[in-house]
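My notes follow the display.

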Amino acid sequence: MSSQDVVIALTKGRILEETLPLLEQANITPSEDISSSRKLLFDTNLPNVKLMVIRGSDVPTYVEFGSADMGVAGKDLILEYGSSGFYEPLDLKIAGCRLMTAEPVDAGPAPDRLKVATKFTNIAKRYFAEQGKQIELIKLNGALELAPSLGLADAIVDIVDTGKTLKANGLVAKDLIAEVTSRVIVNKASMKIKNAIIKEILGKLREAVVRKHG
Ligand code: AMP
């Protein structure tokens, strides 16, 4: 890879499906079908632009340390990563959802020290501290909706889209912690060293977002 190449780290899954059309409008198209490939690094129609496809929670790390110059990641994962080690110049307004607290539909009065299960431990710690509430954090990586009914937690902090997952597990959303959409993040050194090309890509992506949302 040449030192003037721009590597863009993309979040695989649903965010990727919504990112690719925006990239295409910015004249960046992968040279092969990403969804049917097991590769992690892809060439594009532009000789100096490469795409990486990784887990969303790894995008901030790759961008902060400069292995990727730019990235697309959900605001939830950016908040959880909690670093100011990169710029966040653009909201792509895709993959919208909410980061919320939720509790059982039939929850009684909250105990003095709420047990909260989540994979977003940094966000939960910060949020409840701001509320002046003492909590006990329980880190889970999945199926947290089960935690309250099995007695592991009094509440959870999770992503809510339609609310169907919560409802199916006897939970109800309570407090909004953050509105989430996917953002473009940029490595601070890359923004200086590769300014012309990064600015051009950001400008075209911004136009694509405006075309879609007005
Ligand atoms: P829902 O049942 O529609 O409220 O969807 C909730 C589940 O879908 C959550 O547990 C999330 O894991 C996942 N989900 C929904 N939207 C998103 C998103 N934009 N980004 C990441 N995960 C999401």
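Which strand or helix gives the largest share of the lining of the largest cavity? I looked this up and found β4, with 3 residues.

**Entry 1: conventions.** I noted that this is a predicted model, where local features need pLDDT of at least 70, side-chain atom pairs count only at pLDDT 80 or more, and totals for chains, interfaces and linings use all residues. Residues are numbered from 1 along each chain as its sequence is written, and side-chain values use heavy atoms, with hydrogens and water left out.

**Entry 2: the cavity.** I searched the whole structure and found 1 cavity of 30 Å³ or more. A cavity is a set of points, on a 1 Å grid over the protein atoms alone, where a 1.4 Å probe fits but cannot get out; lining residues have an atom within 4 Å of a point. The largest cavity has a volume of about 40 Å³, a volume being the space filled by probe spheres set on the points, which are joined across faces, edges and corners. I listed its lining as Ile-8, Thr-19, Leu-23, Met-70, Gly-71, Val-72, Val-184 and Leu-205. Both α1 and β4 (70-74) supply at least two residues of this lining. Helices (H or I, at least four residues) and strands (E, at least two) are DSSP runs, numbered from the N terminus. I sorted the lining of the largest cavity by class and got 6 nonpolar, 2 polar and no charged residues. Here Ala, Val, Leu, Ile, Met, Phe, Trp, Tyr, Cys and Pro count as nonpolar, Asp, Glu, Lys and Arg as charged, and the others, Gly among them, as polar.

**Entry 3: the largest pocket.** A pocket is an open set of points with protein on both sides within 12 Å along at least five of seven lines. I read a volume of about 620 Å³ for the largest pocket. It is lined by 21 residues, and Asp-76, Leu-77, Lys-119, Phe-120 and Ile-159 are the closest to its centre. The largest share of this lining, 3 residues, comes from α3. By class, the lining of the largest pocket has 7 nonpolar, 6 polar and 8 charged residues.

Why does the largest pocket lie between domain 1 and domain 2? I found that domain 1 (6-95 + 181-213) and domain 2 (97-179) both give residues to the lining, so the pocket lies between them. The domain bounds come from an automatic or database domain assignment.

**Entry 4: the second largest pocket.** I read about 220 Å³ of space here. Of its 15 lining residues, Lys-12, Leu-16, Ile-34, Ser-35 and Val-53 lie nearest the centre. α1 gives the most to this lining, with 3 residues.

A polar side-chain atom of Thr-165 is 2.5 Å from a ligand oxygen atom. For Asp-158, a polar side-chain atom lies 3.4 Å from an oxygen atom of the ligand. The ligand has 490 Å² of accessible area on its own, and the protein covers 71% of this. Accessible areas come from the Shrake-Rupley method with a 1.4 Å probe.

Note on methods:
A polar contact is a pair of N or O atoms within 3.5 Å; within protein, one must be able to donate a hydrogen and the other to accept it, and residues adjacent in sequence count only if both atoms are side-chain atoms.
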